Amino acid sequence: MRTVSENRCFGGAQGVFAHDAASTGCEMTFGLYLPPQAEDGPVPLLWYLSGLTCTHENAMVKAGAQAHAARAGLAVVFPDTSPRGDQVADDEAYNLGKGAGFYVDATEAPWAPHYSMWSYVTKDLTELLGAEFPVDLGRQAICGHSMGGHGALTIAAAHPGRFLSVSAFAPIAHPSTSDWGRKQLSAYLGDDEAAWERHDATLQMRTRGIDAPVLVDQGTADQFIDTLKPEALAEAMAARRQPGEFRLQAGYDHSYFFISTFMGDHVDFHAEALGL
């Protein structure tokens, strides 16, 4: 692991680090904010999974998470959204390939050698953080936006007991039935739709739910709302009687202006679940 940069931030430190990851077979970059409380010992960890076209940097710079995290006393990790490098397969479209890892472990060519973002988040990066930084892996929470909201919800559903709370901003909520989903799931996982099921938050909510409180914010002026299908997830949460809250925010779109507006609410939600 190497340190790319480190900056003082709200009494803590915002770092950017790079390391070789076995799951993706390439160098990966991530951001990690450590609050001032980390100087006294391990602190709880909040994951922030970003959306299509993003890197580790977008949320790190635009979401405004650090001030809230410093107040609450939790660390925030900002992983990249896909493998990178000249050897990594790509596509001309913005919604497939680099910047669009979709938080799955690809099984199909040409994606399988590197596109294992599910394993990267749940295994490689988790183990690295626990070994190298003062974070308490016994107190984790997860959050994400759009494609990252899809990742946060599906990863939490598949790992009961790991995350004490889950939240999402405008998640891709029902990808197996939407244009933003069927293209990527078939490319990465093949045509057998049974393999897609654990990567569809609505299907997972219907069949198993999430063993932690859930907070979802969706803007009513989101330009992608018909593709995101938030109503499917809301209906599944209600039918499952999933503990949590689904909020429609009037007039907000899909941008980081929306995310930064409600980031404090999400950090507070996670802080309460983490016992802070």
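This is a predicted model: local features need pLDDT of at least 70, side-chain atom pairs count only at pLDDT 80 or more; totals for chains, interfaces and linings use all residues.
Local features are described only at pLDDT of at least 70 and side-chain atom pairs only at pLDDT 80 or more, while totals for chains, interfaces and linings use all residues. Residues are numbered from 1 along each chain as its sequence is written, and side-chain values use heavy atoms, with hydrogens and water left out.

Helices (H or I, at least four residues) and strands (E, at least two) are DSSP runs numbered from the N terminus. Strand β3 covers residues 26-34, and seven of its nine residues are buried, so the strand is largely enclosed by the rest of the structure. Here buried means under 20% relative accessible area, exposed over 50%, and partly exposed in between (1.4 Å probe, protein chains only).

Strands count as paired if DSSP finds at least two bridges between them. Strand β2 (residues 12-21) pairs with β3 in the antiparallel sense over nine bridges, and H19 stands opposite M28 of β3. Four residues lie between the strands in this hairpin, where G25 takes a positive phi near 65°. Strand β3 is also joined to β5 (residues 75-79), antiparallel, by four bridges; F30 has P79 in β5 as its bridge partner.

The structure holds nine salt bridges, each defined as a side-chain nitrogen of Lys or Arg within 4 Å of a carboxyl oxygen of Asp or Glu. One of them links R71 and D268, with the closest N and O atoms 2.9 Å apart. Because R71 belongs to helix α2 (residues 65-72) and D268 to helix α9 (residues 256-273), the pair ties together parts that are 197 residues apart in sequence. D268 is partly exposed, at 36% relative accessible area.

Another salt bridge joins R247 to D217, with the closest N and O atoms 2.7 Å apart. R247 lies in strand β9 (residues 244-249) and D217 in strand β8 (residues 214-219), so this pair ties together parts 30 residues apart in sequence. Both partners are buried: R247 has a relative accessible area of 19% and D217 one of 0%. Salt bridges with shared partners join D217, R247 and D265 into one network.
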